[in-house]
Amino acid sequence: MDIISELQKFGFSKVEAEVYMEVLNVPMSNGTQISKKTDISRSAIYNALERLCEKGYIYTVPTEEDKKNYMATEPMEIISKLKEEWQNKAEFLEKEFLKIRNKTGETRFYELYSEESLILKIKEMILNASDEVYISTNIDIYLFREEILKMVKAGIKIFIFNYGEMIVDFNKEVSESGNIFENYNVYNLKIYNAYNKFFKKEEKEIIMVSDIVKGFSCEEAGEGFVGMSTENKILVKVLAENIHNNIYVNKIERVYGEEVFEETFIESVFEKKK
């Protein structure tokens with residue numbers, strides 16, 4: 001790593017970086033000496049010295065010959081100043097980006113081109129939760145089992161409506177394995193397995209809500225996945241209600257049997273597509 005190149009990333013010109021390093025290595029240098037040592041024209045050296053003084057990176061020391069000699073400011077002081085400047089710039093950009101996101105309704109539409117990238121998104125939402133996670137999916141839940149159990153152990157409540165091919169019961173598996181995690185609370189994880197064909201669907205899909213703040217919905221489309229990520233309060237509420245309603249219907253079916261669906265269908269096009 002070249003220190004001259006690195007200094008340029010923090011606002012130094014190439015000449016300013018070379019001049020600063022020369023003054024740092026040879027204190028009390030004057031412009032003529034620096035020019036000879038660096039093989040840079042005197043006019044360019046004096047312009048760089050002037051700019052470095054204005055920035056506070058070097059300072060002058062008068063001599064008896066009425067010439068200006070230069071000393072470098074302590075490098076750690078410069079580092080501290082640069083950190084503060086870049087922190088201020090980062091905070092400014094953060095505020096501006098938040099304004100833009102708020103103007104767009106805090107909703108982002110995008111395509112996920114592989115199941116692997118989708119699973120990474122699911123894991124990210126689970127691991128970043130601080131209170132509760134709601135999931136409704138027919139994707140193999142074992143693909144993010146480790147993240148689910150980790151967060152349940154940490155006290156996060158996770159509710160899953162599973163309408164995939166495999167019946168899932170992590171709590172039973174943990175109990176039967178004898179590998180009971182410390183502080184593991186089975187009441188923090190609720191998995192509701194769907195048995196009715198009404199919920200079955202060939203295309204993989206998932207709806208997630210994290211902390212009733214972030215929502216995510218994604219479904220298989222051709223060879224990839226099309227998804228929506230949002231922090232819009234109304235959309236997040238709609239997604240959360242969808243997951244809860246699926247669980248409610250599933251529980252009602254268990255009490256009253258499959259015939260309950262015959263009484264609840266409204267003969268819509270949406271039902272026929274499902």
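1. Basis. The model is predicted; local features need pLDDT of at least 70, side-chain atom pairs count only at pLDDT 80 or more, and totals for chains, interfaces and linings use all residues. Residues are numbered from 1 along each chain as its sequence is written, and side-chain values use heavy atoms, with hydrogens and water left out.

2. Strand β4. Six of the six residues of β4 (residues 132-137) are buried, so the strand is largely enclosed by the rest of the structure. Buried means under 20% relative accessible area, exposed over 50%, and partly exposed in between (1.4 Å probe, protein chains only). Helices (H or I, at least four residues) and strands (E, at least two) are DSSP runs, numbered from the N terminus. In a regular strand the side chains alternate between the two faces of the sheet. Both faces of β4 are covered: Glu132, Tyr134 and Ser136 are buried on one side, Val133, Ile135 and Thr137 on the other.

3. Partners of β4. With β5 (residues 157-162) the pairing is parallel, over six bridges. With β7 (residues 205-210) β4 pairs in the antiparallel sense, over five bridges. Two strands pair if DSSP finds at least two bridges between them. Tyr134 stands opposite Phe159 in β5 and opposite Val209 in β7.

4. Crossover. β4, helix α7 (residues 145-153) and β5 form a right-handed β-α-β unit. Right-handed means that, with the strands pointing away from the viewer, the path from the first strand over the helix to the second runs clockwise.

5. Second largest pocket. Its volume is about 280 Å³. Of the 13 lining residues, Ile3, Leu7, Pro75, Ile79 and Leu82 are the closest to its centre. A pocket is an open set of points on a 1 Å grid over the protein atoms alone, where a 1.4 Å probe fits, with protein on both sides within 12 Å along at least five of seven lines; lining residues have an atom within 4 Å of a point. Grid points are joined across faces, edges and corners, and a volume is the space filled by probe spheres set on the points. Helix α5 gives the most to this lining, with six residues.

6. Positive phi. Most residues other than glycine have a negative phi. Phi of Asp39 is near 60 degrees; this residue sits in the loop between α3 (31-38) and α4 (42-55). Asp211 also has a positive phi, of about 60 degrees, and lies in the loop between β7 and β8 (214-221). Asp39 is exposed at 72% relative accessible area, whereas Asp211 counts as buried at 19%.
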